[in-house]
Amino acid sequence: MSVDLHIHSKCSDGKMTVEEIFREASRRGICVFSITDHDSIDCQEYAIALADRFRTKYICGLEVNVSFVHPEYNDSKPISLDFLAYQYDIHYNPLIEKLKSLREFRIKRAERILEKINVEFRNEKNPEFTLNDMQAIQESVGSAFGRPHIADYIVRKGIVSSRQRAFEKYLIKCNVPKMPLSLEEVSELVKGAGGKLILAHPNNPRGTSLVGFTCNINEQKKIIKESMIKYIDGIECWHSSHDKKTTESYISFAMDQDLIITGGSDCHQQPIIMGNINIPYYIVEQFGIAKKDI
């Protein structure tokens with residue numbers, strides 16, 4: 001019996017449909033989980049219905065990117081941070097409208113990224129992407145258009161051998177900023193919807209995290225305490241990118257600050273790692289799910 005509160009579906013940049021995730025979670029003995037798609041809650045109503053069919057406990061989820069500035073780091077330039085939302089009202093209109101705006105911006109962003117990639121292609125004397133390529137990429141998108149969709153298409157075209165190589169060669173260099181959202185705005189939206197807001201993977205060395213400011217965990221915790229704590233409800237302590245020292249340090253910090261402690265694999269199904277992290281059951285009791293009810 002295991003727990004995983006950070007999984008992505010085809011509604012953002014995962015490889016599995018919602019039903020495929022439920023089937024795999026059932027096969028792996030995951031008793032409580034959450035699908036936390038980027039900027040999309042389109043799958044949540046269906047996921048809640050599937051939870052009854054599969055007789056599992058499900059927590060509605062979401063992952064949102066924030067543009068965060070700290071005056072003491074990175075020359076006061078913003079970095080990207082990810083936040084997870086749980087147990088919000090999936091019909092809360094202000095949240096729905098904001099996510100719609102984010103997804104519309106993602107399409108415009110993708111178009112600009114392709115324009116920059118075409119500059120690279122011209123320099124390499126490779127055929128450039130056309131409107132037909134953009135449409136082909138869009139057909140692979142469930143809801144929220146992201147760079148991984150472009151990366152996968154570059155692989156399918158035989159230009160590079162892997163998603164990672166597509167990022168290394170093109171998508172990092174040709175990146176375009178996401179639609180800027182402040183932590184204050186995201187907190188207001190999530191809490192207005194009755195949800196809980198969690199700082200995701202704070203020490204992820206390869207992703208959007210406080211590592212963008214500092215690799216020192218004590219300094220990261222100082223940033224959270226001084227600049228974030230009034231907006232968040234918890235911290236994702238278990239994550240596939242966190243080592244034991246990071247996890248233990250953040251658990252202790254969260255307990256000291258009376259914050260919710262969460263964890264998840266951040267599984268995008270490349271490979272399938274959902275349920276691979278040993279996350280204790282008490283974290284879902286923080287969401288009102290008693291072990292006896294499983």
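This briefing covers the strands, helices, cysteines and backbone angles of one predicted model. Local features need pLDDT of at least 70 and side-chain atom pairs count only at pLDDT 80 or more, while totals for chains, interfaces and linings use all residues. Residues are numbered from 1 along each chain as its sequence is written, and side-chain values use heavy atoms, with hydrogens and water left out. Helices (H or I, at least four residues) and strands (E, at least two) are DSSP runs, numbered from the N terminus.

**The sheet of β1, β2 and β3**

- Three strands form an open sheet in the order β1-β2-β3, with parallel pairing; two strands pair if DSSP finds at least two bridges between them.
- The edges are β1 (2-7) and β3 (57-58), each of which pairs on one side only.
- Strand β2 (residues 30-35) is joined to β3 by two bridges in the parallel sense.
- Valine 32 has lysine 57 in β3 as its bridge partner.
- Helix α1 lies across β1, β2 and β3 and runs at about 155 degrees to β2. Axes are lines fitted to C-alpha atoms, for helices over the stretch in contact, and angles run from 0 to 180 degrees between N-to-C directions.

**Packing of α1 against α2**

- Helix α1 (residues 18-27) and helix α2 (residues 44-54) have axes that come within 10 Å and cross at roughly 35 degrees.
- The crossing of α1 and α2 is right-handed. By definition, a crossing is left-handed if the near helix is turned anticlockwise from the far one by less than a right angle, and right-handed if clockwise.
- On the α1 side the residues in contact (heavy atoms within 4.5 Å) are Val18, Glu19, Phe22, Arg23 and Ser26. They meet Tyr46, Ala47, Leu50, Ala51, Arg53 and Phe54 in α2.
- By class, this contact of α1 with α2 has seven nonpolar, one polar and three charged residues. Ala, Val, Leu, Ile, Met, Phe, Trp, Tyr, Cys and Pro count as nonpolar, Asp, Glu, Lys and Arg as charged, and the others, Gly among them, as polar.

- Strand β4 (residues 61-68) pairs with β5 in the antiparallel sense over eight bridges. Valine 66 stands opposite leucine 81 in β5.
- Strand β5 (residues 79-86) is mostly covered, with seven of its eight residues buried. Buried means under 20% relative accessible area, exposed over 50%, and partly exposed in between (1.4 Å probe, protein chains only).
- Strand β5 is also joined to strand β6 (residues 196-199), by four bridges in the antiparallel sense.
- Strand β6 and strand β7 (residues 234-239) run parallel and are joined by two bridges. Isoleucine 198 stands opposite glycine 234 in β7.

**Helix α5**

- Helix α5 (residues 147-156) is largely enclosed by the rest of the structure, because seven of its ten residues are buried.
- The buried residues of α5 are Pro148, His149, Ile150, Ala151, Asp152, Tyr153 and Ile154.
- Their cover includes α3 (93-124), α4 (131-138) and α6 (163-171).
- Glycine 158, with a positive phi near 80 degrees, follows α5.

- Most residues other than glycine have a negative phi.
- Aspartate 75 has a positive phi, near 55 degrees. Aspartate 75 lies in the loop between β4 and β5 and counts as exposed, at 70% relative accessibility.
- Glutamine 87 has a positive phi of about 55 degrees. Glutamine 87 lies in the loop between β5 and α3 and is partly exposed, with a relative accessible area of 27%.

**Cysteines**

- The structure holds zero disulfides; a disulfide is a pair of cysteine sulfur atoms within 2.5 Å.
- For cysteine 31, the closest cysteine sulfur is that of cysteine 267, at 16 Å, which is too far for a bond.
- Cysteine 267 is in no disulfide either, and its nearest cysteine sulfur, in cysteine 43, is 14 Å away.
- Cysteine 31 is buried, with a relative accessible area of 9%. Cysteine 267 is buried too, with a relative accessible area of 0%.
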